[in-house]
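Dear colleague,

I am handing over the structure shown below. My findings follow it, arranged by topic.

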Amino acid sequence: MNPVLAADITLPHINYGAIAPILILLGMACVGVLAEAFLPRTLRYPVQVLVSLVAQVAGLATIIGLALSNYAKKPTLTAGDALAVDGPGLFLQGAVLVLGIVATLLIAERSVERGGAFVAQAAVTAGSEADAEQARRQPSQTEIFPLSLFALGGMMLFVSANDLLTMFVALEVFSLPLYLMCALARRRRLLSQEAAVKYFLLGAFSSAFFVYGIAMLYGFAGSVKFHDIAVAAISSGKSDLLMFIGLAMLAIGLLFKAAAVPFHVWTPDVYQGAPTPVTALMASCTKVAAFGGILRIFYVAFLDSRWDWRPVIGVIAVLTMVIGAILAVTQTDIKRLLAYSSIANAGYVLTGVLAMQKDGISSSLFYLVTYGFTVLAAFGLVTLVRDQDGEATHLSRWAGLGRKAPVLAGVFTFLMLSFAGIPLTSGFTGKFAVFSAALGGGQTTLVIFGVLSSVLLAFPYLRVVVLMYLQEPAADAPTVAVPGALTSAALAIGAIVTLLLGVWPSVLLDVANSAAQFVG
Amino acid sequence: MSGYLGSYATLGILLVVGVVLFGAAFAGNRLLRPHRPDPGKLTTYESGVDPVGGDWAQAEIRYYVFAYLYVLFAVESVFLFPWALVFARPGFGTTTLVEMAVFVAVLLLGLLYAWRKGVLRWT
């Protein structure tokens with residue numbers, strides 16, 4: 001008999017309870033697809049919003065249940081060691097869902113832009129007569145909801161993947177829906193489609209790097225499991241070269257998703273072109289997922305070889321912070337400014353990651369959540385400043401908004417101060433956490449660059465504030481839309497969490513601390 | 001022909017022989033045939049029809065969608081073969097059957113969706 005057929009194959013045991021959150025999300029996404037196929041057009045929107053929110057709330061409840069029933073303290077591996085259910089995994093899954101719920105509120109909004117922020121039929125040629133007609137009359141298509149559920153489910157799979165192949169599959173599961181979602185803007189459709197194509201092509205390149213890295217590491221360790229790679233890194237007699245090539249390729253794939261310099265060039269174009277609620281989803285949830293993967297790979301598979309690769313990733317962290325901050329200064333479009341700020345913020349999280357000890361994990365987890373809420377609220381506010389062409393994103397159009405819309409300008413100022421790291425905001429506590437973890441881990445250089453770049457980064461943020469309050473509004477200044485209930489809820493949650501975590505960070509930091517132990 | 005790279009020598013020789021054979025055939029052809037070009041002969045060959053339009057013509061999206069659906073089910077059958085080999089073994093049985101049913105159901109969901117969206121209708 002063929003030796004492959006004769007080999008002893010055993011059915012992997014799957015602990016369905018432990019991976020229930022992922023199954024709920026992906027299963028409900030399938031329900032969403034069915035609803036899209038069989039419900040009449042008018043019923044789809046309410047059903048999809050309901051399915052989407054119920055799925056995420058149920059998933060979140062299950063995660064909390066798992067964490068309380070001690071999965072966080074007694075982590076398990078399941079499905080043939082392909083998935084890890086441990087503290088950081090559960091925390092990151094919860095973070096993806098909490099941020100995902102707020103992003104879903106923004107996606108579901110239909111009163112700010114009549115019919116919603118998404119195109120009705122994406123296949124209609126942009127700029128044609130049929131396109132103008134559908135932009136005027138038809139409401140948004142509702143496929144965006146199952147797509148976002150698939151993306152969120154993929155992200156949850158990604159942060160708990162315990163071998164490289166599962167991680168790659170999860171990477172694709174969450175990337176493919178995101179590529180599509182980028183192309184669905186109702187206004188400026190060509191820009192949106194261009195963003196989607198750019199994101200897709202560059203994302204495909206980075207996936208190719210990732211797969212090539214998997215092949216190299218399999219050649220080195222003879223296994224794709226993180227634990228086996230960690231063992232091989234200490235005890236393998238083979239040349240380390242193969243391992244470092246593999247690690248470099250994996251890192252390229254992951255740092256691309258996290259938008260670290262020099263793998264950041266897609267970020268401003270995609271963030272600008274994508275519909276703003278989708279940009280909010282990418283800036284918060286994708287960032288959490290990407291850094292979840294980076295944390296697990298670095299802390300589980302490559303912890304013992306850290307002396308060799310840490311300087312290289314350190315240089316990337318410095319470049320990310322400094323170049324992100326410098327380029328943010330030169331931006332004239334609010335969405336591009338926030339994109340460069342999200343690049344610089346990736347550098348701050350990377351600084352926390354490179355502490356390579358327990359509080360490095362907990363501070364990175366904490367930072368990801370604080371940043372996610374603030375950036376969601378910021379992009380939520382961007383959707384409100386509008387003129388007849390849709391969102392007015394050019395900074396000059398924001399002049400004098402403080403007089404026209406004091407509440408909006410006030411909240412935006414508060415969020416900008418949080419980004420700049422002013423005390424009593426979550427931006428300050430998050431930066432304090434990652435920088436003190438990095439100092440404890442001996443990464444003083446990184447912290448110096450981090451502090452300097454955040455001083456630099458304060459300039460573009462404060463420039464927006466100055467623009468809003470101290471300049472005269474133009475004659476044709478954009479109007480500020482009255483936010484619907486969903487956007488109001490999202491904005492309120494984002495702003496309140498930003499304040500809460502700034503005043504009382506221990507409420508989340510304690511959870512992050514108790515979760516910060518990977519299963520090997 | 002020995003050593004680590006020895007086994008590649010056959011491949012290299014095959015490549016060389018291939019190039020030489022190709023060159024010889026075309027050189028022989030060039031020497032033997034008469035050479036009388038006219039505009040009709042120099043146009044692109046398109047199965048006897050006069051070629052029309054540029055090469056940036058828009059492709060019919062429906063071909064793409066059908067090819068895509070085909071790939072979906074080709075991939076499904078690739079997974080079915082190894083499954084069919086192990087499923088009768090002791091210790092597999094019902095669980096394996098249910099898992100494959102779930103897998104096929106998810107793909108079927110895609111087909112249902114395509115059907116409801118009118119992808120399967122040609123006109």
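In chain A, the buried residues of H11(A) pack against helix H7 (164-182), H8, H12 and helix H14 (334-353). Please bear in mind that the model is a predicted one. Helix H11 itself, residues 266-273 of chain A, is mostly covered, with seven of its eight residues buried. Those residues are A:Trp266, A:Thr267, A:Pro268, A:Val270, A:Tyr271, A:Gln272 and A:Gly273.

Helix H9 (residues 226-235) of chain A has buried residues at A:Phe226, A:Ile229 and A:Ala233. Viewed down the axis of H9(A), the buried residues fall within an arc of 60 degrees, so they line one face of the helix. The exposed residues A:Ile234 and A:Ser235 are carried on the face of H9(A) turned away from the buried side. The cover over the buried residues of H9(A) includes helix H8 (189-221), helix H10 (240-258) and helix H12 (276-301) of chain A.

**Chain A as a whole**

Chain A contains 21 helices and five strands. Its radius of gyration is 22 Å, close to the 24 Å that the globule rule gives for 520 residues, so chain A is as compact as a globular protein of that length. Taken along the principal axes, the C-alpha atoms of chain A fill a box of roughly 75 × 55 × 40 Å. Of the 520 residues in chain A, 57% are buried. Where contacts in chain A join residues at least 6 apart in sequence, 80% of them link residues at least 24 apart.

The largest nonpolar core has 189 residues, and the members that touch the most others are A:Leu25, A:Val96, A:Met155, A:Phe158, A:Cys182, A:Leu365 and A:Leu376. H12(A) supplies the largest share of this core, 17 residues. As for A:Leu25, its contacts, leaving aside neighbours within four places in sequence, are with A:Ala55, A:Gly59, A:Leu149, A:Leu152, A:Gly153 and A:Met156.

**Chain B**

Chain B has four helices and zero strands, and its pattern along the sequence reads α-α-α-α. The radius of gyration of chain B is 27 Å, whereas a compact globule of 123 residues would have one near 14 Å. Along its principal axes, the C-alpha trace of chain B spans about 70 × 60 × 20 Å. Buried residues account for 0% of the 123 residues in chain B.

An unreviewed UniProt entry places the feature "transmembrane region" at residues 6-27, 63-85 and 97-115 of chain B. In the model, residues 6-27 of chain B are 95% helix and 0% strand, with the end C-alpha atoms 32 Å apart. Residues 97-115 of chain B are 100% helix and 0% strand, and there the end C-alpha atoms are 26 Å apart.

**Where the chains meet**

With kind regards

Technical notes:
Residues numbered from 1 in each chain as written. Chains lettered and ligands numbered in written order. Predicted model: local features only at pLDDT ≥ 70, side-chain atom pairs only at ≥ 80, totals over all residues. Helix = DSSP H or I, 4+ residues; strand = E, 2+ residues; numbered from the N terminus. Rg over C-alpha atoms; globule rule 2.2 N^0.38 Å. Buried ≥ 20, exposed ≤ 12 C-beta atoms within 10 Å, placed from the backbone. Contact = placed C-beta atoms within 7 Å. Arc of directions from axis to C-beta. UniProt positions renumbered as here; feature names shortened; annotations may be inferred. Core = buried A, V, L, I, M, F, W, Y, C linked by C-beta atoms within 7 Å.
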